[in-house]
Every structure is written in C-alpha cells, then in structure tokens.
Amino acid sequence: MLNLCGFRILIDCPLDLSAITIFSPVPYDVGFEASEYLSDVPLDAHNPIQKKQKLERQLTPADLVCAEPWYKTVKALHLWEASLIDIVLISNPMGLLGLPFLTQNPGFCAKIYMTEATAKIGQLMMQDLVSMHNEFRCFHGPGYSCFPGWIKDLDSEEVPASLKKVVFGESGDDLGSWMRLYSLDDIESCMKKVQAVKFAEEVCYNGTLIIKALSSGLDIGACNWLINGPNGSLSYMSSSICVSHHAKSFDFHGLKGTDVLIYSDLSCLQSAEVTENGCVSPDLDNNYLSTIRSDKKDDDLAASLLNTEDSLEEMEKLAFVCSCAAESADAGGSTLITITRIGIVLQLLELMSNSLESLSLKVPVFVISSVAEELLAYTNTIPEWLCEQRQEKLISGEPSFGHLKFIKDKKIHLFPAIHSPNLITSWQEPCIVFAPHWSLRLGPSVQLLQRWRGDPKSLLVLEGGLSSGLGLLPFRPIAMKILQCSFLSGIRLQKLPTLFSVLQQKIVLIPDAVNQRINLAEMKTSSILNYSENKTLRVPRIADNPSVEITTDLASKFSWKKLRHRENFGIARLKGELLMEDGKHRLVTGLEQEESSGKARPLRHWGSVAPESLLDALLKMGIKGSIEHSTRDNDTKDNSVIHIANPNRGLVETSEIGTAIIAEDENVASQIFQAIDGILDGI
Amino acid sequence: MGYNCVCRNSHMDHVGALPYFTEVCGYNGPIYMSYPTKALSPLMLEDYRRVMVDRRGEEELFTTTHIANCMKKVIAIDLKQTIQVDEDLQIRAYYAGHVLGAVMVYAKVGDAAIVYTGDYNMTTDRHLGAAKIDRLQLDLLISESTYATTIRGSKYPREREFLQAVHKCVAGGGKALIPSFALGRAQELCMLLDDYWERMNIKVPIYFSSGLTIQANMYYKMLISWTSQNVKEKHNTHNPFDFKNVKDFDRSLIHAPGPCVLFATPGMLCAGFSLEVFKHWAPSPLNLVALPGYSVAGTVGHKLMAGKPTTVDLYNGTKVDVRCKIHQVAFSPHTDAKGIMDLTKFLSPKNVVLVHGEKPSMMTLKEKITSELDIPCFVPANGETVSVASTTFVKAKASDMFLKSCSSPNFKFSNSSQLRVTDQRTADGVLVIEKSKKAKIVHQDEVSEVLHEKNHVVCLAYCCPVKAKGESDNDVDLIKQLSTKISEIMSGAQIHEAENSLQVGSFKGAVCLKEKCMHRTEIISCSEAVFLCCNWSVADLELGWEIINVMKLNL
C-alpha cells in the first residue's frame with residue numbers, strides 16, 4: 001500500500017494458495033478416507049486421553065479439514081476500506097488471483113492497471129481455479145455463505161499447531177483474511193474493471209500520476225511499475241529475472257534514475273534459505289561488493305547483471321526435469337508435473353517434447369486443465385511479450401513456443417478435465433501429465449497422484465516452496481519418486497548491490513526481511529530505508545520544488561517589474577489557472593484574466609520610507625506637509641509622522657515595518673499612496 | 001526529426017526503399033517498426049526484389065543480404081509503447097488499421113507534439129480494427145488523404161457483390177483469379193470467401209499462389225492482437241486465419257480442369273505469377289478476374305478497370321484476348337473523407353497537413369477542414385516547407401505555499417433564479433527571476449523572503465465619526481445598524497460583526513473611545529460624536545472608502 005500525491009495505491013492482490021493445503025482433497029478412490037475421517041472426529045472430541053496423544057503424534061491426513069475450502073488472501077486486506085483505494089497495480093498473474101475479493105466490495109472504485117498478458121493469463125488461472133474448486137463444491141454440497149464451521153473446529157485444542165499456524169497466522173490475527181472463493185461472474189465483473197496496458201505504455205491517472213509498466217522477466221506479462229508524479233518519480237520492483245527464456249527480460253534501464261525505488265522481491269529469501277542449507281556458496285556476496293568498489297563503469301555493471309549464468313542454470317534445471325521424466329517413462333513409470341508458472345510450463349512442454357522425440361520415446365504428453373487449450377493457443381499469439389529469442393522466431397515465421405507443432409502431431413494432448421470423454425480413448429501409460437494445481441489439493445493432479453502414489457517408477461515434479469509435509473500428507477505413504485525443483489523467481493541476493501548501483505536511485509526501500517540477509521551499508525550511491533509489514537514508513541521528498549509549466553500566451557501577458565534596489569531580480573505578478581495535466585502542473589490563462597489585469601496595483605511592499613523623500617514626492621504632487629518625529633510607542637519602533645495640511649488634512653505614519661495613510665479625503669489618500677508606492681518596491 | 005525513422009506499415013510504398021536507405025545510403029540511426037511490420041517487411045522486400053530483378057530484369061537497388069542486415073537494425077515496438085529515442089524525442093505508436101501492423105506515430109520533441117497518421121482506416125474491416133488513438137494535445141496532425149472527397153457507405157453490399165460474382169463464376173465451372181498483394185487484402189477477401197464457402201457448403205478449392213501469402217497467413221495467426229476485436233474474440237475457439245478451404249497452388253494446376261479460386265501475387269497484374277495465370281485464364285468467358293483496390297496507370301490491372309478491352313498488351317509485346325469477366329472489388333483500406341474529418345475533429349490539433357492524394361480533392365478537403373473545424377490546414381507540394389508554431393512552455397519552480405494556495409477552492413455563490421456555485425479560484429502568485437537562476441513562482445507573502453527584504457505594510461486608516469453623541473449609546477446596536485446600512489448599499493459584502501467592531505475583508509472598524517485619536521483628522525471631540533476607528537489594506541482600497549462613505553451618511 002502506497003500513498004503518493006494523496007492517492008492510495010495497492011500493489012498486487014494475490015492468494016496464499018499454499019494455505020489450502022490444510023484442506024483435504026476430494027477423495028476420488030472410494031469413500032474410504034472420508035469415512036475414516038468421520039469416525040475419527042467423535043472419538044477425538046470425547047476422549048481427552050486421545051486428545052493428548054494427538055498433540056504429540058505426527059499429523060495425519062485425518063487432521064486436514066474436510067470441507068469446502070476457503071482461500072486466504074492478503075493479510076490485513078479486510079482491514080482496508082476498499083473505497084479508499086484509488087489505484088490497484090497488478091504486477092503478475094499470481095497477483096491477480098485475490099482481486100475479485102476486493103472488487104466484490106460494493107464500495108470499491110479504484111482504477112486497476114495490469115498488462116494485457118497478465119490480465120489474460122490471470123483470468124484464465126482464476127477460471128481454472130474456480131472450475132477446480134467446483135469439484136469440492138460437488139462433493140461437499142452447496143455451501144452456505146456464513147462463517148464456516150471448520151474454523152470453529154480448528155480453534156479447539158486438539159488441532160496440531162502447524163495447522164493452526166496456517167489458519168490463524170503467526171500472531172493469530174489472520175483469520176479475517178480467509179474468504180470463500182469467488183464465482184465466474186465475480187471474475188468477469190472484476191476483469192471488466194481492469195484497464196490493460198502494454199509494456200512501456202504511459203497511462204495517466206487523474207492527470208497527476210503517470211504510470212508505466214516495464215517488463216520484469218518473471219513470467220509472461222509480469223512487470224515492474226514506474227510512477228511519475230509532480231513531486232518525483234518512484235519505481236516499484238517486484239520479483240524480476242534478468243535473463244528470461246520465455247517472457248520479455250527485466251527492463252532495468254527503464255527503472256533507472258527514479259527518486260525512490262521500492263524493492264519488493266522477496267524471492268531471495270527462499271534462495272537464501274537454500275544457502276543456509278549449504279547448497280549455494282554465500283561467499284559470492286563479497287566478490288560482488290568488491291567489484292563495485294573498483295568503480296566499474298555502468299555498462300560493465302549492467303553486463304554483470306545480464307550474465308547468463310543464472311539463466312543457464314535454469315535451463316539445466318529444466319533439462320534435468322526432462323531427463324528425469326524420460327528416465328521414468330523409459331522404466332515404465334508416468335510423470336506428473338504440477339507446476340503452475342506458465343512460462344516454465346511452456347518451456348518444459350517444449351523441451352520435454354523435443355527430448356522425447358530425440359530419444360524416440362513414444363510417450364504421450366497430456367496437459368489437463370480447463371483452460372489448457374485457450375492458454376496454449378494464447379501464448380502463441382503474443383510475441384510482443386516474449387523474450388528476444390522468441391521474438392526472433394516471429395521474424396522467421398515460426399510459432400513462439402514449440403508446443404503448437406506437437407499438438408498438431410498429436411504428441412501433446414489437451415484435455416479440459418480428467419473425465420473428458422476423449423481422454424480415455426487416447427490415455428496410455430506411461431505418460432507425462434501436466435496438471436494443476438501445485439498445492440496438490442485442487443484439480444486433476446489429485447486424482448492422478450492418488451493413482452500413481454504407490455508406483456515407485458512414477459515421478460512427481462513439484463514446485464519448490466510447497467511444504468511437502470502438509471502438501472503430501474493425504475497421499476502418504478508415497479512410493480513414487482518426488483522431484484522438488486525451485487526455479488529462479490527473482491533477483492539473487494548477491495546481485496542486489498550491483499543492481500542498485502546500476503539503477504542509481506536516491507532512496508531505496510527494502511523490506512526488513514531482505515535487509516537482515518544482506519549488508520548494503522557499503523553502498524554509497526543511495527540511502528537505504530527499511531520497511532516492514534504493518535508499519536508506515538514516511539519517505540522524505542527528495543526533489544526540490546515541483547516545476548510548473550506556463551503557457552506562452554500567459555507568459556506573454558506578464559508585466560515585468562524591475563526592482564529599484566535589486567537589479568538582478570525581475571518579478572511579475574502571475575494570474576492564471578493551475579491545472580494538472582500529464583503529471584505536470586500547468587499554468588494557463590484563467591477566465592477572468594482580462595478583468596483583473598485592469599486594476600493592477602502593488603499589494604505587497606518592502607523596503608522603508610524615508611520621511612524626507614516622501615515629503616519631496618508629495619510636494620511634487622502639490623501636497624504640503626511637515627515632519628514630526630515621534631517615539632511615542634515605547635517600543636523600539638521609530639515612528640515618523642508627516643502632517644499634511646494642504647489641500648486637505650491628513651497624516652502619514654511610517655516606521656520600519658509599515659506605513660499608515662490617514663486622510664479623510666479619498667483622493668488625497670490615493671495620492672499619498674502613489675507617492676509611497678513610488679518610493680517602495682512592490683508587487 | 002531528421003535522425004529518426006519510423007516505418008508505419010509494410011506496404012511496398014513505405015518500406016520499399018529502406019534497405020537502400022540503410023545499406024546503400026548509409027543511414028545508421030535507429031529504425032522503429034511495429035512487430036508485424038518488422039515480421040512482414042522482409043517478406044515484402046524480398047518479393048519486391050525478386051519481381052524487380054528476376055522477372056523484370058531491372059538493376060537491383062539492394063540485395064538479399066542488404067535486406068537481412070537492414071532488418072537487424074530495426075527495433076520492434078508495440079502499440080502505445082512510449083519510447084524515449086533520445087533526451088528530446090519521444091515516440092509512440094497508435095493502431096491505424098489499414099494493414100496488419102500499420103501504426104500512426106505520435107512524436108514529441110520538448111513541448112511540441114505531432115501525429116503522423118501514415119495510412120489509416122477509420123472503419124473496422126473483416127480482419128482489422130479501426131484506427132484508435134488517444135485524445136492528444138497536438139501542434140500538428142499530418143494525415144494521409146488518398147480519398148479526400150470520397151464518402152463510402154456500408155461495405156456489405158460491395159462484399160455481397162464480390163461474393164456473388166465469385167460464386168457465379170465457380171458455379172459455372174469457371175476459374176476466378178484474384179491478383180492481390182500478399183498482405184491485407186488477400187487475407188480480408190479470403191476470410192470473406194472462406195466464411196461464405198462454409199455457409200454455402202461450397203467445395204471448390206481456394207488456392208494461394210506462392211508460399212508468400214500462406215506464410216503471411218502464419219504471421220496473421222500469431223499477431224492476433226493486431227487484428228480486429230471480432231477476430232480476437234473468435235480466435236480462442238478457431239483462429240480465423242486457419243482457412244479451412246485454402247490450399248497451396250501448384251503451377252500444374254493452371255490448366256487443371258474444374259473451377260477454382262486463386263489468389264496470386266502481385267496485385268495490379270503488373271508482373272510475375274498473377275500475370276502469367278491471367279495470360280492463360282483470360283481467354284475463357286467462364287473465368288473471372290476480380291481486382292481489389294487501386295491499380296497504377298500502365299499496368300494490366302489498370303487497363304482492365306479502365307474499360308472493357310477485348311485484347312490486352314502484355315509487357316513483352318504479346319497480346320491476350322480478354323473474354324473473361326472483370327469484377328472490381330471496391331473496398332480500400334484507406335480512410336474516406338469522413339474518416340479524416342472525424343479524426344481531425346477528435347484530435348483537434350492546432351494545424352493540419354494533408355499528404356498523399358490528388359491535389360484537387362485535397363484542396364476541397366482543406367477548405368472543409370478550415371471552414372468546418374476552424375483549423376489551419378496545409379497541402380504542401382513535394383519539396384515545399386510548411387512552418388507552424390509549436391507549443392512551448394515556460395518552466396518555473398513553484399513553491400509549496402503557492403501550490404497550496406492554488407488548491408484551495410474559492411467558491412462564489414450567486415443567487416439569481418437558482419443557486420449557482422462557481423469555483424473562481426485563480427492561481428495568484430509572483431514570478432521571480434534572478435539573473436542566472438531558474439525562474440521561481442512564489443506566493444505573494446513569500447516574495448520579500450525570496451528577495452531578502454523586509455515587508456513593509458502600507459495601509460489606510462481613518463477614524464470616522466458615525467453618529468452624534470446621543471441618548472442610547474449602545475455599541476452593539478450601533479454596529480448592527482451600520483452593518484445593515486453597509487449590506488444595503490454593498491450587496492454581497494460579507495460582514496462580520498462583533499460586540500463593538502465590524503470587519504469586511506481587510507477593513508476593520510472599531511468603536512473608538514479615545515479622546516484624541518491619531519487617525520482623526522477633524523477636531524471633533526469624543527463627547528460630540530461616536531467614532532469608528534477604521535483601517536484597511538491597500539488591496540481593499542476602494543472597498544474601504546465605500547464603507548467610509550456609507551458610514552458618513554449615517555451621521
């Protein structure tokens with residue numbers, strides 16, 4: 001949440017889908033598990049001894065909540081008054097998943113921006129989620145919209161702590177962020193409110209903020225945001241990948257030189273956890289820092305950011321997944337891939353089909369998802385959003401992703417659901433199946449997992465980060481091999497110093513958690529501030545006074561004044577209308593310009609009036625008077641009084657700070673004023 | 001903009017000389033193209049080169065390698081993507097319709113902005129959308145005016161005519177030849193035919209002559225986002241560029257029996273394959289030649305359209321009997337006069353320049369723009385220079401106090417028949433320029449501070465007799481009385497009353513009990529009259545005197 005120029009901006013509105021692992025999957029096999037569970041509950045409730053045992057023992061599938069799942073959205077989102085949000089920026093498809101919860105709110109009236117690709121892919125993902133969720137609905141029967149019973153059940157003591165932690169959060173206040181899933185209609189009405197943009201398209205909010213999406217490289221359509229306002233510029237950096245093999249790469253040149261950078265790439269925390277486990281050497285850190293100290297040129301730094309090491313590593317990971325799948329297929333086992341990141345799925349599909357072909361393995365590849373067909377068709381019509389190599393393919397007239405050819409050749413089969421009528425006819429094992437969802441609770445993956453879990457030749461490919469304990473719980477005992485792979489989902493921590501010195505921001509905001517992991521104190525270029533959850537951080541304004549543009553027709557009307565005492569200055573009174581256009585203050589000719597310019601008269605004066613010279617000036621106008629010094633006021637003020645006798649009685653009282661004209665006659669008074677105006681500088 | 005080059009669409013008349021420009025002339029500035037243009041222009045260029053060199057035997061202007069090298073220098077841009085070319089120049093592309101990838105270009109240098117439309121189309125056609133642009137503040141709009149006086153009605157009757165002509169031909173066992181450029185028209189007509197074939201359940205094959213058009217279809221399929229809304233919506237279920245009835249043409253099929261429809265390049269029957277096929281098919285009265293769009297004078301296409309010739313000279317001197325039917329497909333991807341007027345009205349630029357088209361009709365349109373829209377319009381001849389004034393802003397830094405003062409509303413209530421509230425705020429500040437420093441706008445209260453001077457307040461004062469000393473001396477009553485008087489004479493004045501004082505704007509008056517007041521000019525003692533000691537600032541000079549006069553009347 002960001003407050004900029006008085007506008008409140010919310011960035012990203014995701015769902016915590018890992019939280020739904022607390023729910024037990026729809027039991028496909030028989031009523032076996034369900035009945036077991038049911039018999040378990042009354043026992044627990046009435047037997048205190050068993051309760052204790054339960055606390056100590058391991059989690060069992062029975063602990064999982066058997067109900068229509070609810071979904072966990074952004075923490076504390078419900079505490080915000082939806083109608084007070086002015087702008088919502090969505091930086092990637094995942095960040096869109098929770099948005100319908102927000103737009104459902106009748107008071108919600110913010111402008112939502114996201115890239116076209118994010119909108120499309122995100123919408124498909126939400127539709128897929130809803131259709132997968134419907135299976136639950138069919139199983140558990142029509143739900144009721146009031147507070148669900150399962151939360152009450154969970155609050156009791158017998159529930160294992162790890163479950164409770166997921167439901168109630170660390171501090172126990174997460175309960176409010178659980179929501180019942182939206183419907184297809186909600187998605188549609190949500191998407192109607194979205195304004196889709198292209199990369200680097202400038203959109204102007206309310207004439208004040210100019211908002212621009214720049215590619216982040218994380219996924220197709222994922223972006224960082226650049227916000228320009230009259231008081232400075234700000235960039236928001238979400239998880240970014242420097243060199244991507246699917247989406248358009250991280251456009252960091254566009255983020256350069258803004259006043260403030262909000263760095264919100266938390267992915268490095270996950271990778272840092274890996275370093276703690278001793279997988280990646282943490283020494284790299286120092287090397288990078290030293291390269292900076294040696295004051296390399298900008299280009300070199302940028303080049304070091306773009307070094308392909310990471311992306312090569314990513315490619316190796318993908319190739320490894322492929323080879324594992326091929327291996328198990330060779331051995332007669334099937335592979336289930338539950339990765340949901342669309343870019344990676346596309347790459348895997350391409351690689352997998354290629355490697356199967358080169359190995360001349362006749363293993364069918366299935367993609368089972370309600371949106372598979374549309375999604376795969378869509379990804380071949382968006383060359384503008386892809387990385388350079390894939391754009392090159394457009395130029396040479398090839399499809400952006402290889403899957404098109406394989407679908408045509410009937411090597412990849414697309415099915416909307418596992419119970420699709422044609423699936424059975426073309427089904428053959430071993431096979432490789434791409435099926436959502438990575439949480440292993442929703443969609444076709446559940447059924448397939450239940451089918452293959454006992455097969456030691458089969459392989460399950462999981463996305464890293466899923467707490468395998470809770471996630472795999474309902475499927476234990478598992479005999480199948482499990483490959484957990486974590487793909488790069490952000491900038492590596494080691495690269496941060498380099499990145500920041502390339503971007504050259506004046507102020508960098510870093511989440512607390514990241515700052516604890518890396519020492520950025522040695523960075524000279526910018527000041528670094530930390531922000532943390534639930535705390536407001538005020539960032540001082542860096543830019544000096546905002547600039548104003550004055551139209552030439554207004555500027556030509558100025559009547560310039562030279563000052564008597566300061567020759568270096570020229571001043572002019574300025575009257576017009578101040579507008580806000582394109583994020584700039586603009587002064588244009590106002591409506592009553594003509595009328596007011598007639599009676600121009602200096603209203604502010606400075607300097608001091610010497611009584612003698614005033615007397616002289618008055619004399620020239622035919623007014624006679626005499627000076628009387630008086631220090632009647634006991635203060636330090638030194639008053640002079642000029643008595644005027646002719647043509648009418650009057651008095652001028654003057655001191656350091658001011659002059660008073662006392663006269664009964666209007667004309668005399670204005671004459672005196674003119675005389676004073678002639679002596680003082682004024683505007 | 002001399003160092004920058006933006007290509008708007010991939011028709012030959014726009015990119016035709018690009019490789020020559022970059023590779024032979026040595027231009028090495030940036031070149032921008034939309035994604036489709038970048039994808040499609042190498043095809044067009046190569047085709048053009050082949051026709052020029054291989055078939056017509058002209059000296060080649062550039063080679064295949066030239067084309068490839070040239071295209072490497074091209075930077076692809078997306079719609080609405082804002083590109084900062086250098087410090088001053090900013091460009092942005094807007095959708096123009098016309099052909100796939102055609103864009104209008106918005107360019108901004110400093111504060112001056114122009115739009116160059118290139119070729120555009122203001123109506124949606126079968127596969128492309130209508131031109132779309134934001135409401136921009138422009139100094140200059142440069143618009144094409146190919147059809148400066150034409151106003152076209154609905155397209156449907158013309159589409160139907162075309163379909164019926166083709167249908168009649170194939171139903172009679174004839175062959176229909178549609179010579180067209182690889183891009184745009186072929187796809188549009190083919191969509192039309194493919195759709196019609198489906199509906200009427202016609203099984204006659206539709207052929208595309210060279211790989212060129214088929215390949216172009218491939219691009220169309222990938223570049224769905226540049227097509228019309230209708231196509232975009234449909235493509236999820238079926239990509240409309242996946243033509244169901246379209247097959248590749250083989251040279252041997254020229255003499256194959258039975259009806260067929262053939263799209264052949266190039267258009268206008270100027271050379272190449274389409275001309276060759278024409279030579280074979282023209283003598284049969286069963287056959288049809290459908291000519292889409294415009295044909296340049298001198299081409300066979302132009303001769304066919306001009307009259308109903310019985311024989312036509314081919315370029316190498318051979319004559320061909322023309323007995324086949326000729327159908328002219330009269331829809332063009334260029335905007336008509338109404339479209340130009342609509343766009344001009346929508347953008348309301350400060351100036352308009354018309355380019356491309358026939359002089360007399362351009363002059364007519366110019367008259368229309370000047371008289372109806374009141375926008376200066378120019379029709380420069382080739383090589384003529386037109387100068388227009390450009391927008392510039394004077395830039396200054398504004399102080400916070402000034403900005404704050406501007407943002408507070410100044411409501412005025414007027415009550416004539418209905419209550420009307422108007423916000424009459426004016427930005428009222430002082431522009432200060434110090435030599436060799438940036439101009440600064442400050443609030444008037446800040447001026448002296450900026451100038452390092454001390455304020456000197458000039459005000460007026462007068463202790464005014466308002467009432468003869470009398471019976472009931474009640475200050476409150478007196479003030480009330482005065483205030484009613486003032487409001488009677490000066491309507492709209494906001495008077496604040498207090499126990500023994502009143503205030504109007506900066507005018508302050510208080511009952512003066514002093515025996516001798518400095519501000520009293522007459523020597524009337526306090527015992528004779530009640531005085532109101534007043535002072536007011538120079539800003540309310542007139543107001544002050546008006547009140548004084550009112551109060552004197554009270555005496």
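This briefing describes the interface between chain A and chain B. The model is predicted: local features require pLDDT of at least 70 and side-chain atom pairs pLDDT 80 or more, whereas totals for chains, interfaces and linings use all residues. Side-chain values use heavy atoms, with hydrogens and water left out, and residues are numbered from 1 along each chain as its sequence is written.

**Extent of the interface**
- Chain A contributes 88 residues and chain B 76 residues to the contact (heavy atoms within 4.5 Å).
- About 7,400 Å² is buried between chain A and chain B, 55% of it on carbon and sulfur atoms; buried area is the accessible area (1.4 Å probe) that two parts lose on being put together, summed over both.
- A:Glu384, A:Phe569 and A:Glu664 supply 9% of the area that chain A buries against chain B, more than any other three residues.

- The interface of chain A and chain B holds four salt bridges (a side-chain nitrogen of Lys or Arg within 4 Å of a carboxyl oxygen of Asp or Glu).
- One salt bridge links the side chains of B:Arg92 and A:Glu202, at 3.4 Å from N to O.

**Strands at the interface**
- Strand β24 (residues 569–581) of chain A gives the most to the side of chain A that touches chain B, with eleven residues; strands are DSSP runs (E, at least two residues), numbered from the N terminus.
- β24(A) runs antiparallel to strand β22 (residues 427–434) of chain B, and eight bridges join them (strands pair if DSSP finds at least two bridges between them).
- A:Gly576 has B:Ala427 as its bridge partner in β22(B).

Note on methods. Chains lettered and ligands numbered in written order. Helix = DSSP H or I, 4+ residues; strand = E, 2+ residues; numbered from the N terminus.
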